[in-house]
Amino acid sequence: MNRTKSNRPARAGRHILVVEDNPDGRETLRVLLELLGHRVDVAADGSEGVAKALALRPEIAVVDIGLPVLDGYQVARQLRAALGRDIFLIAHTGYGQPEDRQRALAAGFDLHLVKPVEVEELSACLSQATVDPCFRRPPGFAAEQRAACLDPPPHRKNGNRVEENFRRLDRVR
């Protein structure tokens, strides 16, 4: 990943909406993204997420799939219908089977990340996120980088990695 002289990700400062119903997960992701230099808004359910995305027009939305009111798939469909490719959608979910990934991409998500996501992996994906309609193969985004964003490492297991992610964040900054 390209870095600035301060060792921060080269493409910090994005406007990101986090749509997550779990208060601890929502707050952890908000703090992590802010520490990485991004401007973050949050929503606690799918309906609020759609409303905030339409009102605030973030560059990127990180959306849980298992949301109340509207699930993440419905959020993606509504945002694609309203905003087209003017928003980059990332599914951030505990659903990690190949069919879950396919369903997320079919609903309109650009990327599918399985919780818990590694700080470096999330940062790399955010730095490459673009609202350009040619996103699928943007210049400079190597196939192995895209594969790393789409496919979680086989050794990853779900669990609480908040402290580990904050230690990694200190190494990234």
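This is a predicted model: local features need pLDDT of at least 70, side-chain atom pairs count only at pLDDT 80 or more; totals for chains, interfaces and linings use all residues.
Residues are numbered from 1 along each chain as its sequence is written, and side-chain values use heavy atoms, with hydrogens and water left out.

**Figure 1. Overview of the chain.** The chain holds seven helices and five strands, in the order β-α-β-α-β-α-β-α-β-α-α-α from the N terminus. Helices (H or I, at least four residues) and strands (E, at least two) are DSSP runs, numbered from the N terminus. Of the 173 residues, 46% are buried; buried means under 20% relative accessible area, exposed over 50%, and partly exposed in between (1.4 Å probe, protein chains only). Among contacts with a separation of 6 or more, 68% join residues 24 or more positions apart, a contact being heavy atoms within 4.5 Å.

**Figure 2. Helix H2 against helix H3.** The axes of H2 (residues 46–56) and H3 (residues 72–83) come within 10 Å and cross at roughly 20°. Axes are lines fitted to C-alpha atoms, for helices over the stretch in contact, and angles run from 0 to 180 degrees between N-to-C directions. H2 and H3 are therefore roughly parallel to each other, the term for angles under 35 degrees. Gly 46, Val 50, Ala 53 and Leu 54 of H2 make the contact with Val 75, Gln 78, Leu 79, Ala 82 and Leu 83 of H3. By class, this contact has seven nonpolar, two polar and no charged residues. Ala, Val, Leu, Ile, Met, Phe, Trp, Tyr, Cys and Pro count as nonpolar, Asp, Glu, Lys and Arg as charged, and the others, Gly among them, as polar.

Figure 3. Ala 51 is partly exposed, with a relative accessible area of 45%. The C-alpha atoms of Ala 51 and Leu 79 are separated by 9.5 Å, and the two residues stand 28 residues apart along the chain.

**Figure 4. Helix H1 against helix H5.** The axes of H1 (residues 23–35) and H5 (residues 119–128) come within 12 Å and cross at roughly 65°. Leu 29, Leu 32 and Leu 33 of H1 meet Val 119, Leu 122 and Leu 126 of H5. The contact of H1 with H5 has six nonpolar, no polar and no charged residues. H5 is mostly covered, with seven of its ten residues buried; among them are Glu 121, Ser 123 and Cys 125.

**Figure 5. His 92 in strand E4.** His 92 is placed in E4 (residues 88–93) and counts as buried at 11% relative accessibility. Leaving aside neighbours within four places in sequence, His 92 is in contact with Leu 29, Val 62, Val 63, Asp 64, Ile 65, Leu 113, Lys 115 and Val 117.

Figure 6. The peptide bond from Lys 115 to Pro 116 is cis, with omega near -10°, and Pro 116 is found in the loop between strand E5 (111–114) and H5. Arg 57, in the loop between H2 and strand E3 (60–63), has a positive phi near 50° and is a residue other than glycine. Val 69 is not a glycine, yet has a positive phi of about 70°. Val 69 belongs to the loop between E3 and H3 and counts as exposed at 63% relative accessibility.

Conventions
Angles under 35 degrees count as roughly parallel, over 145 as roughly antiparallel, 65 to 115 as roughly perpendicular and the rest as oblique.
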